[in-house]
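I have opened a new structure and want to get my bearings. These are my notes, in the order I looked things up.

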Amino acid sequence: MGKKKNNMANRGVASALATANLPLINLTNLTNLTKDTEPAATPVARSDSEGKSSSGSLKRPGPHDADDDDGWQTIERGRPVKKHKKIPTPNSARYPALHFSEKSRLQSKVNLSAFRDLILYLFADGPAPQWISVSQRPEFRKVVAIMVPGLEEAMFEPGFDYSKYETPTLDQAIKQIGDGSSPDHYYPRPLSKEALPTSLQPFADMFPHLWPVKAPGDDKYGRLHSPLTTMLTAPLNKNKDKSKDKAGPDSHRDIRTRITEFLATPEELMDNGFPVHPALLPEGERRDSFKNPEGWAHTRVSKLEDGDVPESEIQQGSITAGREVLAIDCEMCLTGPGELALTRVSLVSWDGETVLDELVKPEKPITDYVTQYSGITKEMLDPVTTTLSDIQAKLLDLLHPRTILLGHSLDSDLKALQLAHPFIVDTSMLFPHARGPPLKNSLKYLAQRHLSREVQKGGGTINGHDSVEDAKTCLDLVKKKCEKGKAWATGDSQGENLFRRLARSGTAYRATAGPVATGGLPVGKTSAAVEWGDVSRSACNAATVAISCKTDAEVEAGVIRAVKGDPDGLEVPGGGVDFVWARLRELEFVQGWANRHKPNTPPVATVAEETPEVQDVNGDAEKEAVSPLEECLSTLAQRLQRIHAALPPCTLLMVLSGTGDPREMSRLQAMHSQFKKEYNTPGTKWDQLSVKWTTDEEDALRKAVKVARAGVGFLSVK
């Protein structure tokens, strides 16, 4: 009876406190706080575990509130200080996890895009995955995704022998990856430490399964798409009412739109590899200290605002908005393996008049005129004396701050011109491919589709392309786009940079953002990209923090730094970022899957110094012979192990190969390209071709693409 009266009294006190808008306290301890204690005129002060004092009224927290407060929570100005929910222990029912059931309806290999979508599900607005079960999604604190090209499923087979490892034939490789008809070919394989080679045994300590993964591509046409672009491009959310989003050429409402609405943003220019113009950089030291690479130039635009035209100067109804619009197209020849040089440049004004059309003599000797594509011949260039610097000088006089430059895949033309301009309209971006990036529609297709016009009719013959015709075609496409509006001929296939999606539509939960985020709160997620090369010139530039590296050791250090954060928080936020993307490439180089184009690339790090010494019969100490592949894999496993150890609890670690072995596919594709080049050269006889291309080679290419698309993946929750 006494307890009942006490409870009723407590409820009365709570009601009175709420009515008076006073901070609540835990009423079960009300007696302890007031008994034998005089009312305090000032808030109670306490010392925390570090000996620091804090003032404010106190309340007893819930069982999952912050850890280091000795059971009390500070109340400031009548409101509790927001604190993160206590991190669950590994044995807690609240600990996040990934589960795969043998009863899952998995019918093929998991696509690489599914791993990207898993990231979107955990941290943004992506749909729930169907191939794996996620429990306690709100408790995931961080996601770390690392791409490691060069990893193969065969390396994790029992009894794998490095000393006898050789590149398998196509038939052997197809047999290893299977035809996909059996669950053994596409179900995740449990990793057993005892069955793995010594150098790869750390994988079994970190990951429960090896997942067979299918890289993006097209088996029918023998193509492998970029795994990097797939991972870093998030699909756009489709409107549930698709009838409102039809954007075909015959289903829309014409809305006359100014050309300035189609200008590529600085982020889009960066994502698509355009040369950097200083006006695109933020104001400050980076812009002030900008220097052009040797031989390059940029137009005379000091800041983006220089291109603005006052409304009073714009003619009513004008779609050029007071800007001068020039369409440009270039032709190139080869001066070395994969080395293109400018040989012709054409510039067309908005009214279709040719402003500039000149041939250009490259500084280096031409090794291939690629006449069937460029339309350029030796006879045309022999008398030419105009150089690239001459063309740059003319363009710098023609292009001013109010000039908009338009073209198709204009990044290639500007690289050939070694010129940067900040105001760009690119038809390859305005008319996206139906299957999304990295694919692009050809100018020939766009002209047929939207202008009912046939261009580039040389068909790979000596007629080649006409740069004036191509520039006018781009101009007409943009004019029609301006007349019909943004929705015309765009479709819904365009993707969005993954880092921007996370920053725009991330979700926070009570676990990481306190009670205010109960049920999910829209909030941006921070990110970091740790990559080889200049990160500022790739899609990784959109990350909150971009860390450029030259070795895998630097990548490892960068990942750990991004996860933990900088002590001062000036570059990497304190406590680290939410999502980390990284790529380790030294295994890719050892495997020969990629060529290092720069001669000064640092050597691949090994663990040779850690190789155990053995005694020969003469007593001389010598190191046991270890293959470069085994050394590199051992180093890789140790790097991943150190990264795994540095991760905080409730972190998802994702490791992906991206692709399978692409070497045979690349060889056959180069062979096919050579065949087409020779076959389309006028006067060449069939029996004089240096290469042949029959149904046998076609079948071999399809097999090679299948091998190249067979990747692997690993998932674990720290």
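For my notes, helices and strands are DSSP runs, numbered from the N terminus. A helix run has at least four residues, a strand run at least two.

**Entry 1: confidence**

I noted that this is a predicted model. I looked up the pLDDT of the protein chain and found an average of 79. I also saw that 75% of the residues score at least 70. Over residues 239-251 the pLDDT stays under 50, and the model gives them 12 contacts beyond four places in sequence. Residues 596-623 are also below 50, with 40 contacts beyond near neighbours in sequence. I keep a reminder here: where pLDDT is low, predicted coordinates should not be read in detail.

**Entry 2: R258**

Where does R258 lie? I found R258 in the loop between β14 (233-235) and α8 (266-271).

I then listed what R258 touches, leaving out residues up to four places away in sequence. The list is E311, I314, S318, I319, A321 and C482. I checked the side chains of R258 and E311 and found a polar contact of 3.0 Å. I also checked R258 against S318. They sit 60 residues apart in sequence, yet their C-alpha atoms are 7.2 Å apart in space.

**Entry 3: H421**

Next I turned to H421, in the loop between β20 (419-420) and β21 (424-426). Its relative accessible area is 2%, so I wrote down H421 as buried; the cut-off is under 20%.

Which residues does H421 touch, not counting those up to four places away in sequence? I read off H277, T299, V301, L399, H400, T403 and L405. Two of these I followed up. The side chains of H421 and T299 make a polar contact at 2.8 Å. For T403, the backbone oxygen lies 2.8 Å from a polar atom of the H421 side chain.

**Entry 4: the second largest pocket**

I looked up the second largest pocket and got a volume of about 1,200 Å³. How many residues line the second largest pocket? I found 32, with Y373, S409, S442, Q456 and H465 lying nearest its centre.

Several elements each supply at least two lining residues: β16 (324-336), α10 (371-374), α13 (410-417), α15 (443-451), α22 (663-679) and α23 (695-708). The largest share, five residues, comes from β16. I sorted the lining by class and got 10 nonpolar, 13 polar and nine charged residues.

**Entry 5: positive phi**

Last, I looked at backbone angles. Q136 is not a glycine, but I found a positive phi of about 55° there. Q136 lies in the loop between β8 (133-135) and β9 (142-147). With a relative accessible area of 33%, Q136 is partly exposed.

V370 is not a glycine either, and I read a positive phi of about 35° for V370. V370 belongs to the loop between β18 (354-359) and α10. V370 counts as buried, because its relative accessibility is 14% and the limit is 20%.

Definitions and conventions
Residues numbered from 1 in each chain as written. Predicted model: local features only at pLDDT ≥ 70, side-chain atom pairs only at ≥ 80, totals over all residues. Heavy atoms only, no water. pLDDT = per-residue confidence, 0-100. Contact = heavy atoms within 4.5 Å. Polar contact = N/O pair within 3.5 Å; in protein donor to acceptor, adjacent residues only side chain to side chain. 1 Å grid on protein atoms, 1.4 Å probe; cavity = no way out; pocket = protein on both sides within 12 Å on 5 of 7 lines; lining within 4 Å. Points joined across faces, edges and corners; volume = space filled by probe spheres on them. Nonpolar A, V, L, I, M, F, W, Y, C, P; charged D, E, K, R; others polar. Buried < 20%, exposed > 50% of the residue type's maximum accessible area, 1.4 Å probe, protein only.
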